[in-house]
Amino acid sequence: MGGFFTDTFLTALLFGAVTAAIPLLLAGLGEQMSEKAGVLNIGIEGMMITGAYIGFVGAYYSGSFWIGFIAGAAGGMAVASLMALLCVRFGLNQIVIGIALTLGLEGLTSLLHHFQFSRSYPRLPAAEVTPIPLLSDIPVLGPALFRHHLIVYLAVAMVGVMIWVYKRTQFGLNLQAAGDKPAALDVAGIDVIRTRTVAVLFTGGMAGIGGAYLANVGAGLFIPFITNGAGFLGIVLAMLARGRPVWVLVGALIFGGCLSMTTAAQVAGIRIPTDVIQMLPFLAVMAMLVLFGRRAGLPAALGIPYERGAR
Amino acid sequence: MEQTQAGPAIVSLEGVTKRFPGIVANDRVDLDIRAGEVHVLLGENGAGKSTLISMLSGLQQPDDGRILIDGVEMPIRSPSHALSLGIGTVFQHNMLVPTLTVAENLALGGRWWQRPRIAELTARVAEIARPLGIDINLGARVSELSLGEQQQVEIVRALLRDSRLLILDEATSMLTPKGIAELGALMRRLVERGLAVVFITHKLGEAADFGDRVSVLKLGRKVGEITSERLRMLERAALVDEIVAMMFGRQAGADEISIPPRAANDDALLEVRELSMAETSDAPGLDRISFAIGHGEILGIAGIDGNGQKQLAEALAGQRPTDSGSVMLAGQALDGLDVGGRRKRGLRYLTDDRLGEGTVGTFPVSINYFLKQIGEPPLWRSGMERTREIDARAIELTRRYDVRTPGISTPVGRLSGGNIQKVLIARELADGARAVIFNKPTYGLDLANTLATRQRVRDIAGQGLAVLLISTDLEELLSMCHRIAVISQGRLVGIVSNGDRAGERVGRLMIGLAA
Ligand SMILES: Nc1ncnc2c1ncn2[C@@H]1O[C@H](COP(=O)(O)OP(=O)(O)OP(=O)(O)O)[C@@H](O)[C@H]1O
Ligand SMILES: [Mg+2]
């Protein structure tokens, strides 16, 4: 049982927390934009698994992680464009379509993987790390937080970008209006359908990169169903964050910490049944819902398709 | 009426028809909208005025007929197309985003890559709003403004864009008499600059005062037009008579005064003592409000919109917490009871926000009648909806209150404003009402419905109920109240008995003088 709190263990725990948090952060930030615009994007899990698969294939054949991320984003956006077409343009039920897309793409990616690699699970080399000068030399924290792939820092920087978009840009206003009172946006001369479509595509891109990160950097390989609910956790994060990107980051780190705990505790050989440990992230979800869920103020038009002139 | 040189038609409708399931909202309407003219559109609730506007502003497409801009056929494809053609609209139903600030709402519609130009806006808004006597707090969140203030914001927004055609769909319904007069003067200045204005109202006086040309719609058809030449010739009274004849085919006494008689029983039925509530940064509070209303008495609350009327109504109804004071109904204290508890005791509240908080727009008319009894017997038994029972009662209420709806399963949001109001009245007066609070009960109603609603309020008092009538329309209060209290910045500054010179005395109180 010894060594639970050794430096190496703590470093591994924190490093794992960040690695687990990044896909959640990307998914949560992505989902947040859809929700702001009034679209409950349940298909995000399907976008993520597609991003994971296409991203893996891209990285595997090109040998470049960046191409993997771009491919992942493209995959996620392809699924998102289908969602946007059905739910935003044609006004079909967002929950039904979202679930259908998720289930369908989980199946499809498994099938494609099977055709391509049959029963083998080829691995990618370890991702190249970009240490941040000075900071990465801090004991314990340095290697845990500041020796990651460049995309990790970019993902965290996205929090700032999103705050800027929501607070400072015309597009941020448009998004909020699309979610709270789409008719008001429409009569102001901004196309609601287009605004929501952009938001859904952004969600797809972010979820796709998140999926690619999860497979390529987090696991180093693709296995069917690898996202394992990460997209849904992204939805929970976006709901709890009440439109504030910073809270998505905080939530992602908490969930990431729990996920990392489960692996770390197993590695350290702590004698708690693994089943109990694996419940941790979900207990965290429950706890956060109890603490903050009550106050979750959601956009008034969330989940309601917009049709011009209808009353 | 001043001489205005009417220009050519900048927008013309030719045989425009619009159908909705079960109704022809516009039936082969022809209309010319000319530069330099205020074109007043009149018609009863449900006549199709707003539908016509929605086609001009790109929200709906006509099923038949065509729209010409400067004499050239030009389908208006979308709201942004309408704006680019220079058509600016203030819609009947609020089109502001409640969660954004006033400034952000005004900035809405800018190019997406731009930053909202708040500073630039501030200057332009001041320039437009000052001559109108409008004072807007750009930093306030829209949800915290009264409906009247929101309407002012919408008017300013429409003026911010340099439109050639400005459409005002019942934009005066929430303004004060002074605000309305100023808006009239502004319209005059705008048409003198060569703009065209379409002005929809239910108040014939406004039509006569501000209009250069009047068109009347009835059941979707255009039934008459008074040209500007003729309008200049007519005396005001003759004009009003002619319009009334066109609209209703009969003479109607709009300003008839009739105060319901009451027994000399002065026991207070509804009594309010020292009710107080702290003010917030954007809404006034309540400052030790006290009054009593007897059996069968109508007490009016006069005042300029946004002086605490809504806060008072909501505090009485139990929708807003108060800091101190008490409310007694028939000798029993209501303090601490929530909305449902107060309702059960017989205190009823008819909100002015009919679509927002009064009804659920997507629910059928039938369910909206019983919205506050959902889950309770006899209409619900062990959690089950008793459809047949509900429908039978709904049909009865629809008949009794003369609700014009295609059917009881029609979503209430599809009805015209006046008919939504009738659904609300029907609901709130049911089962054991003792005291009723009306907040602007006739706002947005046409003349016939306004008179019917006023009569209904009188009848309610006639049955011995206590009535609190909040209104910004002084004529309305004078036409039916026993006493009129004046509210100013959350304080009752005086109570006047209705009678000789009451209007003058209330008016003096409203502008801050002693009665
Ligand atoms: N989107 C819609 N769907 C179905 N019916 C509609 C729709 N819009 C309007 N109607 C119906 O068309 C008719 C005309 O409505 P409209 O709102 O144009 O009346 P209005 O003259 O503006 O009345 P008010 O003075 O009460 O505002 C009404 O019977 C209304 O129920
Ligand atoms: Mg209307």
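Which residue lies over the face of A:Tyr166, and at what distance from the ring centre? The residue is A:Lys36, at 4.5 Å from the ring centre. The model is predicted.

## Chain B overall

Chain B has 515 residues, and its radius of gyration is 23 Å. A compact globule with 515 residues would come near 24 Å, so the chain agrees with that expectation. Along its principal axes, the C-alpha trace of chain B spans about 70 × 55 × 55 Å.

Chain B contains 18 helices and 22 strands. Of its 515 residues, 55% are buried.

## A six-stranded sheet in chain B

Six strands of chain B form an open sheet. Their order is β6-β7-β8-β3-β9-β10, and the pairing is mixed. The edges are β6 (87-90) and β10 (221-226) of chain B, each of which pairs on one side only. Neighbouring strands of this sheet are turned by 20° against each other on average, direction ignored.

One residue pair can be picked out here: B:Thr89 has B:Ile167 in β7(B) as its bridge partner.

## Helices against the sheet

Helix α5 of chain B covers residues 147-160. Helix α5 lies across β6 and β7 of chain B, running at about 175° to β6(B).

Helix α6 (residues 177-192) of chain B also packs on the sheet. Helix α6 touches β3 (38-43), β7 and β8 (196-200) of chain B. The direction of helix α6 makes about 150° with that of β8(B).

## Aromatic pairs

A pair of aromatic rings is described by the distance of the centres and the angle of the planes. Over all chains, a search of the whole structure finds eight aromatic pairs. One of them is A:Tyr60 with A:Phe117. This pair is edge-to-face, with 5.4 Å centre to centre and 90° between the planes. A:Tyr60 lies in helix α2 (residues 44-62) and A:Phe117 in helix α4 (residues 94-117), both of chain A, so the pair ties together parts that are 57 residues apart in sequence. A:Tyr60 is partly exposed, with a relative accessible area of 33%. A:Phe117 has 8% relative accessibility, so A:Phe117 counts as buried.

B:Phe199 and B:Phe210 form another edge-to-face pair. Their ring centres are 6.0 Å apart, with 70° between the planes. B:Phe199 belongs to strand β8 and B:Phe210 to helix α7 (residues 204-210) of chain B, so this pair ties together parts that are 11 residues apart in sequence. Both B:Phe199 and B:Phe210 are buried.

In chain A, one aromatic cluster takes in A:Phe56, A:Tyr60, A:Tyr61 and A:Phe117.

## B:Gln60, a loop residue

Where in chain B does B:Gln60 lie? B:Gln60 is in the loop between α1 (49-56) and β4 (64-69). Its relative accessibility is 12%, so B:Gln60 counts as buried.

Neighbours within four places in sequence aside, B:Gln60 is in contact with B:Lys18, B:Phe20, B:Ser54 and B:Met55, and with A:Gly309 of chain A. B:Arg508 lies elsewhere: from B:Gln60, the C-alpha to C-alpha separation is 46 Å in space and 448 residues in sequence.

Conventions
Residues are numbered from 1 along each chain as its sequence is written. Chains are lettered from A and ligands numbered from 1 in the order in which they are written. This is a predicted model: local features need pLDDT of at least 70, side-chain atom pairs count only at pLDDT 80 or more; totals for chains, interfaces and linings use all residues. Side-chain values use heavy atoms; hydrogens and water are left out. Two strands pair if DSSP finds at least two bridges between them. Helices (H or I, at least four residues) and strands (E, at least two) are DSSP runs, numbered from the N terminus. Axes are lines fitted to C-alpha atoms, for helices over the stretch in contact, and angles run from 0 to 180 degrees between N-to-C directions. Contact means heavy atoms within 4.5 Å. Rings of Phe, Tyr and Trp (its six-membered ring) pair if their centres lie within 6.5 Å; planes under 30 degrees apart count as stacked, over 60 as edge-to-face and the rest as tilted. Buried means under 20% relative accessible area, exposed over 50%, partly exposed in between (1.4 Å probe, protein chains only). A charge sits over a ring if NZ of Lys or CZ of Arg is within 6 Å of the ring centre and within 35 degrees of the ring normal. The radius of gyration is taken over C-alpha atoms; the globule rule is 2.2 Å times the number of residues to the power 0.38.
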